[in-house]
Amino acid sequence: MVQHSRSLRVAAGLVTGLLTLIGTTTAAPAARADAPAASPARAPSTVGVADRRDDTRAASTEDDAPLALTIDALDPGVLPRTGPVTISGTITNTDDVAWNEIHLYPYLNTDDCRADGTCGGPMTTVEELVEAADSDPETPVGERITDLEIRDTVTELAPGATMTFGLTIPQRVLRQEIGDPEPGVYWFGVHASGYSEDTPRDDFADGRARTFLPYVPTGKEAPAGTVDAAVVLPLRAPITHRADGSLTRTKRWERRLSADGYLGRMLGFGEAADGRTVSWLVDPAVLDTVRKLANGNVPRQLLPDVPEDDGEGDGGESESPTDEETTEEPEVDLDTAPGVDGLPNAQPWLDRAQPALTGEEILTLPYGDPDLSGAGTATADLYAAARDQQGDVLSAWNAATTPAVAGPDGYLAPDVFAELSDEPVALLTDRMFGQQEYPDGAPATGEVDGAAVAVTSSAAASGGPGPNDRQTAVALRQRLLSEAALRLVEDDLAPDPVLLEIPATVSADDADEFWDGLDQPWLSLTGVGPVVAGERTAIDADSLTYPDEQAAQEQQPSLYGEAELLTRSGATLQSILGEDSTVGGEVTREALAGTSFELRGDDRATTRLSVSRARIDRRLGSVEISAPPGVTLSSSSGRFSVTISNDLEYIVQVQVVADGDSGVEIDAGDPIVLGADSRTSVSLEVHTTRPGVHDVRLELTDIEGEPLGSSDTVPVRSGQVSIVIWGIIGAGVAILFVAIAIRLIKRIRRARASRR
């Protein structure tokens with residue numbers, strides 16, 4: 001249904017509409033693009049730098065026009081001085097009645113438009129461009145070019161129907177409209193004008209699409225310098241695991257890797273660069289995850305080619321959280337993921353990713369993309385652990401990488417920088433540079449605590465003006481070109497570079513349009529590395545702006561504590577399994593991924609880690625020690641035996657650690673090797689220094705002394721009775737010898753007496 005506000009247009013355009021219906025419309029006078037108004041399109045310079053950085057509002061895409069237009073191609077992306085401009089796209093009838101004789105006109109803010117005072121000339125500042133992008137789509141910004149040779153017409157468009165259009169504006173027409181263009185950014189777009197049974201034709205636009213068209217002089221008037229531009233394509237995603245190490249949410253990964261999914265679209269966008277410089281921002285864990293999915297998503301391996309399996313059964317694949325995850329206390333395992341054929345989209349995506357990334361600039365995030373901003377006192381250890389983990393896929397590709405850090409939307413807590421041990425490249429949004437500390441705007445590049453800072457343009461990433469989608473490939477390209485052109489207008493010798501991180505919502509359908517339009521003589525497409533390689537502005541971390549909203553979204557401290565415990569359990573399990581096991585590294589990677597920026601707001605993140613740790617701790621607890629109920633020593637030293645059992649299906653190496661009071665010492669001996677599903681008796685030597693009962697705690701650990709979880713306590717009784725016993729024995733022997741001596745003396749005396 002036509003919106004109520006359009007009814008106001010009926011009366012104003014009645015006469016024109018009636019003439020059009022009887023076929024008397026001509027192209028003679030230039031029709032006004034929108035409702036008459038005196039307000040100029042050239043925005044006054046009232047937008048401050050802080051507003052430009054901190055205001056993240058998207059331009060309203062609400063438009064009551066019954067016809068929705070898109071711009072799918074624009075060639076060239078700048079106002080040319082030779083040759084035509086071609087523009088094409090689609091028109092869709094969003095009304096519930098048919099529209100007829102829809103004329104499609106190009107429009108721009110021409111010399112005539114500027115002369116009559118109803119709209120301004122080219123925009124020449126970033127502030128003007130920001131306000132223009134956020135302006136009401138019905139704001140008058142230019143005049144239609146009504147040359148009949150240029151106009152395209154759709155005879156009839158049914159409700160919900162979509163058709164394509166194409167317009168070509170010759171150079172002669174461009175010169176008529178703008179005889180002597182000025183450096184800056186012009187408005188450019190398409191208006192649709194038609195009629196329906198409810199609405200006659202009038203001077204108002206029944207549909208519109210708007211974009212920016214920069215102009216940079218060529219020839220003798222060309223600027224002396226060029227603008228460096230870097231385009232960053234992020235490959236980041238939330239990664240979650242079951243307790244057995246297999247991946248959850250695999251159906252989401254299948255969609256994510258499809259041509260229309262986020263990772264599929266981002267890869268397709270980069271492939272369209274076709275040899276042009278691309279900067280990839282990559283979490284190595286994403287590539288390893290895709291490979292795991294391609295290989296069947298098997299559970300973690302305790303030993304090479306031996307997946308973890310405790311006979312608890314297989315769980316079917318489901319998007320239901322109750323099947324894939326649990327919020328119960330970690331006494332019960334999550335369902336074990338079946339070893340199935342790889343996800344259909346996984347290996348094809350990897351096969352495409354290797355040539356797309358290899359040879360390009362790869363900025364690697366810490367493994368798992370942990371939320372460094374929320375880690376607090378654990379930041380240094382967390383970052384070091386994440387950097388120690390090398391991505392298997394990137395390593396196999398022998399890809400050259402550069403360490404980088406980047407938070408969501410370009411925000412990173414200022415206290416993080418002091419904990420970054422390898423001086424990475426930090427990608428920060430220009431919104432972190434507040435007006436109070438940086439009244440002249442964000443620096444182009446900088447350095448904070450040894451880390452190079454590359455400042456990304458939040459304005460460029462916001463895209464073009466409404467009412468059409470602001471972040472299409474063409475809209476982003478035109479915004480990037482416009483930002484670069486204005487920096488060149490400001491300083492044509494050494495303009496600041498512009499860095500654009502492609503938003504996750506971008507479509508790859510028209511990606512070739514994005515890259516082809518960047519081939520401009522005044523624009524140098526480069527990588528982030530070369531941008532930050534030059535002179536850098538010293539940045540004090542305390543001067544950076546970190547909004548409360550970002551701090552409120554940080555991961556909770558309990559998550560980092562659980563990740564640390566999980567990592568320690570995994571390392572202990574690997575230690576008892578021996579050098580052939582790599583399970584510790586797998587568990588560490590799972591723990592790191594579990595603390596990711598991408599999992600902010602996931603209230604089950606901590607539970608997943610605790611359930612995984614409980615499973616590993618039960619494996620460790622399968623190796624047990626059993627001591628006798630009590631030991632009584634006949635002297636200050638002695639020996640007794642304990643039983644060690646191994647219920648795992650793997651050979652393990654452990655040792656016994658004893659702890660008692662100061663009156664007893666236990667020699668536990670050398671490490672013990674147990675076969676799978678076996679038990680053995682181990683003799684321990686005990687020494688006491690005072691009589692009494694000593695409680696000795698015996699605990700199983702790995703060879704590094706990390707507890708496995710099994711322990712037992714044995715009371716050792718030492719009476720120190722040996723001196724008394726020997727005294728009694730000695731006295732008895734003495735009495736015996738005295739008795740013998742007495743008897744011998746008596747016998748001798750009797751014998752002598754008898755001889756007399």
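Modeller: Start with helix 8 (residues 262–271) and helix 11 (residues 346–357). Their axes come within 10 Å and cross at roughly 35 degrees. The crossing of helix 8 and helix 11 is left-handed. Keep in mind that this is a predicted model.

Now the contact itself. Helix 8 contributes Leu263, Gly264, Leu267, Gly268 and Glu271. Helix 11 answers with Trp349, Arg352, Ala353, Ala356 and Leu357. By class, the residues of this contact of helix 8 with helix 11 are six nonpolar, two polar and two charged. Gly264 and Gly268 of helix 8 fall in the polar class under the scheme used here. Glu271 of helix 8 and Arg352 of helix 11 are the charged pair of entries in that count.

Five strands form an open sheet in the order 22-29-28-24-26, and the pairing is mixed. Strand 22 (631–633) and strand 26 (672–674) are the edge strands, each pairing on one side only. On average, neighbouring strands of this sheet are turned by 35 degrees against each other, direction ignored.

Inside that order, strand 24 (residues 652–659) and strand 28 (residues 692–701) run antiparallel, joined by five bridges. Aspartate 659 has arginine 697 of strand 28 as its bridge partner.

Helix 19 (residues 557–577) lies across strand 24 and strand 29 (707–718). Helix 19 runs at about 110 degrees to strand 24.

Definitions and conventions. Residues numbered from 1 in each chain as written. Predicted model: local features only at pLDDT ≥ 70, side-chain atom pairs only at ≥ 80, totals over all residues. Heavy atoms only, no water. Pairing = 2+ DSSP bridges. Helix = DSSP H or I, 4+ residues; strand = E, 2+ residues; numbered from the N terminus. Axes fitted to C-alpha atoms, helices over the stretch in contact; angles between N-to-C directions. Contact = heavy atoms within 4.5 Å. Left-handed = near helix turned anticlockwise from the far one by under 90°.
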